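Colleague: I'm new to reading protein models. Could you walk me through one?

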Amino acid sequence: MIMEKSEPEPLLRRHPTNPILTSADWPYAVNSVFNAGAVRLASGETLLLCRVEDCSGRSHLCAARSADGVGDWRIDREPTLLPDAANHPEETWGIEDPRLVWLEELGKYGVCYTSYSESGPAVSLALTEDFCSFERIGNILPPENKDAGLLPRRVDGRWALIHRPVSSEAAGHIWIAYSPDLRHWGDHELVLKARRGSWWDARKIGLSAPPIETAAGWLMIYHSVRSTVGGAVYRVGLSLLDLENPAKCLLRSDEWLLGPETAYERSGDVGNVVFPCGACIGDDGDTLRLYYGAADTSVGLVTGSVARLLDWLHAHGSAPDVGR
Ligand code: BMA
């Protein structure tokens, strides 16, 4: 007898209207729209700050707003935040991959982004109240570093920033830094190492959306870059950081949660890439909307439940190797 293969409810479900945003939706000519940061505004609307690659190959950021975070996007008619190479030479080759957080203490949103300098990618920070005007704090970590995101509140009196420097062996691990004022960063600590060998998250990993605060700890969604003879494959997994000491990783997932499967994830400007930069939580406090760049070409959306993700991580995760 042939047994039917049962399909359990996936932990992350692709939205049926995926990809939810593409270059065809844009009010001005662009090559591609992907790797969007996400935040819920006070009005309840969802704002995506998308990485938009123009037809010169350089990227800028452009905001799109929607009542339900799924459709009817209102897209800024012009770029929202352009590189400012005259005042910030580290932005010469564009600005990319924003991660957004609401900083309650300041009454402002923090926007961490990659500034693409002639010396390589670096981490920059800007603040905004409305995603119309921005106060650039500028380059906060030098090249080569990217995949940075702030925690939304101070931990033990200091701001905390997740980031991903690249070492001389071309390995990329996830680190944390602290600051009294968002400008001066130090006390760097290694949080999570890329695994080695055939693991899904071998060699290079980096933050996806900024960590989500839960009673169990900071839920940190992260991406991996696996090198294969056919090119790199970008996938997404989970980790959990200690609430009061986020440098301490409690658990990491042994398996990936999301990988390229659909046509729009498998092929595009850079195929085999799912690359989330932003997540929003619904009014129920549990529904997760995770926005990701698909093949460096469009924006996809997957939904899930924070409680289910945590249960899964506890059942299928392991304590990380803490070797420095
Ligand atoms: C990473 C970043 C992302 C990009 C990904 C796949 O290194 O540059 O912006 O989506 O590569 O090309």
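Predicted model: local features only at pLDDT ≥ 70, side-chain atom pairs only at ≥ 80, totals over all residues.

Colleague: Which residues have the most contacts inside the largest nonpolar core?

Modeller: In soluble globular proteins, nonpolar side chains tend to be buried together. A nonpolar core is a set of buried Ala, Val, Leu, Ile, Met, Phe, Trp, Tyr and Cys residues joined through side-chain atoms within 4.5 Å; buried means under 20% relative accessible area, with a 1.4 Å probe and protein chains only. Here the largest core has 24 residues, and Leu12, Leu219, Leu238, Leu288, Leu290 and Leu309 have the most contacts inside it. Helix 2 (306–316) is one of the elements giving two or more residues to this core, and its share, 5 residues, is the largest. Helices (H or I, at least four residues) and strands (E, at least two) are DSSP runs, numbered from the N terminus. Apart from that core lies another, of 20 residues, including Leu21 and Cys50.

Colleague: How much space lies in the largest pocket?

Modeller: Rolling a probe the size of a water molecule over the atoms shows where empty space is left. On a 1 Å grid over the protein atoms alone, a pocket is an open set of points with protein on both sides within 12 Å along at least five of seven lines, a cavity is a set where a 1.4 Å probe fits but cannot get out, and lining residues have an atom within 4 Å of a point. A volume is the space filled by probe spheres set on the points, which are joined across faces, edges and corners. The largest pocket holds about 580 Å³. Among its 23 lining residues, Ile212, Glu213, Ala279, Cys280 and Ile281 are the closest to its centre.

Colleague: What is the volume of the largest cavity?

Modeller: About 30 Å³. Its lining includes Asp97, Arg99 and Tyr113.

Colleague: Is glutamate 91 buried or exposed?

Modeller: Glutamate 91 counts as buried because its relative accessibility is 0%. Its place is in the loop between strand 5 (74–75) and strand 6. The side chain of glutamate 91 reaches the backbone nitrogen of aspartate 84 at 2.9 Å.

Conventions:
Residues numbered from 1 in each chain as written. Heavy atoms only, no water. Buried < 20%, exposed > 50% of the residue type's maximum accessible area, 1.4 Å probe, protein only. Polar contact = N/O pair within 3.5 Å; in protein donor to acceptor, adjacent residues only side chain to side chain.
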